[in-house]
Amino acid sequence: MLDRMEGKYDVVVVGGGPAGMGAALGARDSGAERVLILDREPEAGGILWQCIHSGFGLHYFREELTGPEYAERFFEKVIDYEVDLVTNSYVSGISVDSDGTKSVRVMNEEHGMDTVNTKSVVLSMGCRERTRGSIRIPGTRPSGVLPAGLAQKIVNLKGYLPGKRIAILGSGDIGLIMARRLTLEGCKVAGVFEIMPYSNGLTRNVVQCLEDFGIPLHLSTTVAYIHGLDRVEKITVAPVSKDLKPDMSRAWDVKCDTLLLSIGLIPENELSLSLGIQMDVVTGGPRVSSTLETSMPGVFASGNVLHVHDLVDFVTRESLLAGQFAGEWAQGVRRPADNIRLVPGDNVRYCVPHSLSPEREHTIYMRCKEAMMPCRIRVGNLMERKLRFVVPAEMIIFKIKPDLLDKFHGDTLRIDILPAEKGKRHD
Amino acid sequence: MYDVAIIGGGVIGCSIARELSRYQVRTVVLEKYAEVGFGTTKTNSGIIHAGHHSSPDTLKGQLVVRGNTLFDQLCSELNFGFARIGELVVAQGEEDIPVLEHLKKQGENKGVPGLEMWDQKRLQREEPNLSHKLVAALHAPSAGVINPYEFAFALIENAVDNGVELKVDSPVLKIDVVKDGFVFHTPHEQIASRFALNCGGIFADKIAQMVGLNDFTINPRKGEEYMLDKRLMGLVRRLIFPVPKPTTKGILIIPTFNGTIMVGPTAEDTDDRYDVTTSYDGAKQVFDFVSNICPSITERETITEFAGLRAVSNTNDFIMGPTNIKGFINVAGIQSPGLTSAPAIAEYVCYILKGEGLVLKPKGNFKHHVPGPPRFGTLGIEEQQKLIKENPLFAKIVCRCELVTEAEIHNAIDHGARTLDGIKFRSRAGMGRCQGGFCTTRCMDILAKRLGLSFHEITKRGGDSWIVTEMGKVKNR
């Protein structure tokens, strides 16, 4: 593994997961000479190392890879492309000088506290898991309540089990994957309990990880109580009413020694916040232009730090682009600012990027608020597309061609998801 | 044969142990959990009260002001986190003002320094984020906050440095009253002493029953607390109290020593001495109440919650003193303001022991100091660089939320941490917003290596609180 950090860089990438590696490659593709990845782990690759299941790369490589295989492919490219990579390094702060140069403060056991100067920065710190504290689960506070991703690390990287009899709260993808993984390791998975009336994971995961193994998925049901002083002994689960409150009259107990939480991910933006970057309260990530530039000139963002993606393939695609623009920025390319704001309308929870320019083609990533089927997406009065269905768990991706925007003369473009039946048109 | 056995290593037992370690006395502390301070102490709100809340007619009312004044010196010797941030009792309506005036008078009579009535204008200037509907406040500048578990750790460490013996995982199961003293049965051994100090907290009445004393009861009163995200740091600068009620000082806004804001506690009587559960009702009660006082605090900011039990006695006061069983001394019913009173309680217990015939001859070589743990995240860059130069492990971040370095994890183990919670409460690793999602396996790796244990032998807080189990083997339990 490379381990050097010299002089001034064109692009410094914070985080060496799939987003960071993609961004570094994109930056090199753009012609930026000196690109550095800083990663806090001993090896680049991020969360992919613990994702030993397959299903990665179907979109990007058109073949099915495991997480480590996917990481390996990019890691080799990072080496081929002569990207500098320094691991075991924690970025503790970034400051911007008057001439726009960014100073990235790095802590590393070998080098101590160091500062690296760079023209542009890509933020690709990924995300973290929501914990018990972010929702209310009454009861005791025993050992054995842990986020599903931590359990995945314990099993796949440490070679231990989080417990033997497992219940899972939340149907996020990591929880579903772990239901299968732990079953294969001989654990009994008593069930997956999801407060919403639909699964929060991909349909393919519900089928392949639960249905194929006979693991029950209880929708509109939540964990209403945790029992056990030292270690989880059982949980009380209850169906929820319309206001998502548990109906204790219909509650039942589930014996288990472990409760995994798969209740969502939060983009990890402490560094972005310390830079004073403008954030989107819905995504939890920075607001970005169509070049994936944040509100701070020369600072770009991509991957799960920007918004939580369904598939690593999408992270890669977005990050290659962010790296490309960050590399160009470092080489002095300054594009005109976007002149069209993109705003979420009916049944749209968020859309990224936050603004557009008629200069180029755009890939829009968005999520709906509620499931709808069949339906149509309407982009202002420019385009409309029919969709078989939308669900909050599955990201919606579509492209907007530049010639389409040429015809647009307003400054705000609104995206709506509407029922397929002829809705009322108000344009 | 020990001179004194202290039953219970909470903040009271540890305070007394440290006080006794000044003298030529053989002392042992018997703690049932894996580490000291793991009972009521670690769930304490961490408030050092000014002392004007409690009536001078009670023992707790008498000890609290003395306790408060002892904290500056204790902090300089033991280096735990302590700051006199001041306290405000806020009036939500005109009808509360006479109560504030009564508290002010009561405090002044007891010698509480600097009490001052603030009008609405002053209150809004000093604490602009509190509700503008609040009409007045009573300011007590001598009130402060500490991290109660750090206090207990520092006390016991200093006591042990000065010769006190600490036995953890040693619940007292049975006590024999023998000629000239007592024999304590723990799961591992039998220990004899001349004097017994009952610092059993929630279980103090049960301990007293072991020697045949049935003259008091402990009626646990549960309190739920909610810890909020660090981004609210600075929202309020002082402890915020509502006007007190008979059973409780009310639900408070507590800017903890580290600046994180905590809200609570509730007050609910319970029969279950292990009931440290949180509840929907508790959360609702806390946030409904607090949002009236500080509207920008919402439940959404919660990063974790917990509950603790107050050891309320049937007299609603501290129960301290000799008993019908010669040499058996109660230090029981230590409810609020027990933490504040702890140093004064320790002095008082030494006085009682003296009266009972224990000779307290000062040691010539008493060590006053405990070096505080390094706190990398709180230092300026130059100091951080200096630490890194001395020890490169200070450049290795283990907990990113609280910026805790590997050097600090080793330091926690050097100073007694044996469990994941022991590391957390000493170093803050795992206390931040990701609640250990990132650092758990890292801390476990270091603990396993340092203690010579396997990964699966590490526990959260001792007992049956195992964290992982071996692959392919069913754990029988």
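Author: T131(A) lies in the loop between strand 9 (127–129) and strand 10 (145–147) of chain A; helices (H or I, at least four residues) and strands (E, at least two) are DSSP runs, numbered from the N terminus. This is a predicted model, in which local features need pLDDT of at least 70 and side-chain atom pairs count only at pLDDT 80 or more, while totals for chains, interfaces and linings use all residues. Residues are numbered from 1 along each chain as its sequence is written, chains are lettered from A and ligands numbered from 1 in the order in which they are written, and side-chain values use heavy atoms, with hydrogens and water left out.

T131(A) has a relative accessible area of 8%, so it is buried (under 20% relative accessible area, with exposed over 50% and partly exposed in between; 1.4 Å probe, protein chains only). Leaving aside residues up to four places away in sequence, T131(A) touches L261(A) and I263(A), and also I303(B), R433(B), C434(B) and Q435(B); contact means heavy atoms within 4.5 Å.

Helix 4 of chain A covers residues 173–184, and its 12 residues should span 16 Å at 1.5 Å a residue, which agrees with the 17 Å between its end C-alpha atoms; the expected span is 1.5 Å times one less than the number of residues. Nine of those 12 residues are buried, so helix 4 of chain A is largely enclosed by the rest of the structure. Among the buried residues are D173(A), G175(A), M178(A) and R181(A). The buried residues of this helix pack against several elements of chain A, including helix 3 (148–156), strand 12 (165–169) and helix 5 (203–210). After helix 4 of chain A comes G186(A), with a positive phi near 95°.

Two packed helices are described by the angle between their axes and the distance between the axes. Helix 4 and helix 5 of chain A pack at about 20°, with axes 8 Å apart; axes are lines fitted to C-alpha atoms, for helices over the stretch in contact, and angles run from 0 to 180 degrees between N-to-C directions. That makes the two helices roughly parallel (under 35 degrees; over 145 is roughly antiparallel, 65 to 115 roughly perpendicular and the rest oblique). The contact is made by D173(A), L176(A), I177(A), A179(A) and R180(A) of helix 4 and N205(A), V206(A), Q208(A), C209(A) and L210(A) of helix 5.
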